[in-house]
Amino acid sequence: MNKMKEEKMGKARIGVFSVGYDKYWSQFPGLLDELLKKEAEFIRKIPVEEVEVFSFGMVDSPAVAYEKVKEIVAANLDFLFCDMLTYATSGTFGVIARSVQCPIVLVALQPLKAMDYKQATTYMQLVNDDICALPEFTGVAVRLGKPVPEIIIGTLYDDRQVDEEVREYCRIAKVLHSLKNAKLGHIGHPLNSMMDMNTDPTMLTAFFGSHVISYEPNELLQQMENVSDREVKEKEACILDFFDTPDPVSDPISMKLRDEDLKVAAKVSLALDKFVDSNGLNGLAYYYDGADNSSIRQLMSNLIVGNSLLTARHIPMCGESDLKTLVALMIMDRLGIGGSFAEFHPIDFNDGFVLVGHDGPHNISIAEGKPVLRSLKKYHGKPGNGAGVEFKIKEGPITLLSINSTYDGKFKLIIAEGESVSGPIPPTGNTNTRGFFQPDVRTFLKRWISEGPTHHFALGIGHHAATLEKIARYLNLEYKIISVN
């Protein structure tokens, strides 16, 4: 997340408390100090430039836990690490687990990869006894009716897997923080007849914590009418620096970018910038038609360029009034894996892939090369004409995330992993990527579609199904990872 967004929403708030057993301190002089050094070493693994860390120190008895839990709850945390420094009775944990609402991860990192058994002492064992109380803690979580905490097991030093797991949980904390603090704008209504697009904003607040605010298109139009010629020229230069503008190829509705389309795109982009900033928005979903030849129609049908620029600023934008996919885009953005607005396009049965893309905003951070801007004589299926955005996703592993509403009014996350492979895409002024999925394209699509997704989804780079599964569980939502076997 960039500095501007951190200022608006604040960094994710991560807490750390460590556990031990107060009976040991008098029995083994120096043990407490050595364990606290372990705690400091663990805290150094947390990327403090990305998240805000709150350290609550040692909890070595139930009495201390009852005091510390007040501080922990008051800190309004997004995530909490419990650092298992040695054996500890579950009274140090149960009191806190009962009251804390955020996810808890138990961290057991012993300093030695293996004890020196010939020279071993009870003191040495206690320093490395990080996993000893894990079953006791998870068993108590079950008895309290709480989720069994995730667990990190490894060594304190030179353990790359541990370091990556810590970073993963920090990224998850950023997602949870962003969702529950998000201010999402909504203009217009779902594209008529798209029944899967309908979303209850109250349910978004209930399950994600996000606040949805409805705006009228004239509020955005007012911003466009107030931009200056100097601002337009500066924005045109920004757009031309951001995009390539090649000659048309095979599609008769596409042309080389026209000066008039560039000017409209620049004015609309400026209006969007001012609208988003003045309202403190963290994302926007929209769809609105407007009368023929009206300023409203010109404005609302030319948001794509400005949306792509805003998405590059970590402010996800979503066409066709798709609030659910807007949330999916925000999740991917905060994980640092991109998040582009996408749907499935034609299948290539010769080479066994499906085109993945859309005609809306996309995330430049995951683009393969420079994105392309073309003038389109018409936006297929929608009113208006103007500039269209076209680019490919980076080659390599990709992840799809669809969020749909269920019959009982909740949400379901549908998740899949695949590969983006090099090759030509249609030069239609839309984004497209060659998506390969296991075990084969027909079986994959049948499995995906059978889960009842919305037809849009967020597309990100890398394989992150396991991380998205954790997020679904932390949000207490149904989820399905599409099988590759």
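The following dialogue reads several features of a predicted model.

Student: How should I read a sheet, and what is the strand order in the open sheet of four strands?

Tutor: In general, the side chains of a regular strand alternate between the two faces of the sheet. Here the open sheet of four strands runs in the order S7-S6-S9-S10, and the pairing is parallel.

Student: Which strands stand at the edges of that sheet?

Tutor: Strand S7 (211-215) and strand S10 (317-318) do; each has a single partner strand, so one side of each lacks a neighbour in the sheet.

Student: How many bridges join strand S6 to S7?

Tutor: Strand S6, residues 183-188, is joined to S7 by five bridges, and the two run parallel.

Student: Do strands S13 and S14 run parallel or antiparallel?

Tutor: Strand S13 (residues 367-376) and S14 run antiparallel, with seven bridges between them. Ala367, for instance, has Ile393 in S14 as its bridge partner. Strand S14 (residues 386-393) is also mostly covered, since seven of its eight residues are buried.

Student: How should I read a helix, and how many residues does H8 have?

Tutor: The general idea is that an α-helix has 3.6 residues a turn, so residues three or four places apart point the same way. In this structure, H8 has 22 residues and reaches 32 Å from its first C-alpha to its last, close to the 32 Å expected at 1.5 Å a residue. At the start of H8, a side-chain oxygen of Asp159 comes to within 3.3 Å of the backbone nitrogen of Gln161.

Student: Which residues lie nearest the centre of the largest pocket?

Tutor: They are Val100, Gln101, Cys102, Pro103 and Tyr474, from a lining of 29 residues. The space in this largest pocket is about 790 Å³. By type, its lining residues divide into 19 nonpolar, five polar and five charged.

Student: Which helix gives the most to that lining?

Tutor: H9 gives the most, with four residues. The helices that each supply at least two lining residues include H4 (62-74), H5 (91-99), H8 (160-181), H9 (201-208) and H17 (465-474).

Student: Is Val100 buried or exposed?

Tutor: A residue counts as buried under 20% relative accessible area. Val100 has a value of 7%, so Val100 is buried. Val100 is placed in the loop between H5 and strand S4 (104-110). Sequence separation and distance in space can be read together here: Val100 and Leu80 are 20 residues apart in sequence and 8.8 Å apart in space, C-alpha to C-alpha.

Methods:
Residues are numbered from 1 along each chain as its sequence is written. This is a predicted model: local features need pLDDT of at least 70, side-chain atom pairs count only at pLDDT 80 or more; totals for chains, interfaces and linings use all residues. Side-chain values use heavy atoms; hydrogens and water are left out. Two strands pair if DSSP finds at least two bridges between them. On a 1 Å grid over the protein atoms alone, a cavity is a set of points where a 1.4 Å probe fits but cannot get out, and a pocket is an open set with protein on both sides within 12 Å along at least five of seven lines; lining residues have an atom within 4 Å of a point. Grid points are joined across faces, edges and corners, and a volume is the space filled by probe spheres set on the points. Ala, Val, Leu, Ile, Met, Phe, Trp, Tyr, Cys and Pro count as nonpolar, Asp, Glu, Lys and Arg as charged, and the others, Gly among them, as polar. The expected span of a helix is 1.5 Å times one less than its number of residues. A polar contact is a pair of N or O atoms within 3.5 Å; within protein, one must be able to donate a hydrogen and the other to accept it, and residues adjacent in sequence count only if both atoms are side-chain atoms. Buried means under 20% relative accessible area, exposed over 50%, partly exposed in between (1.4 Å probe, protein chains only).
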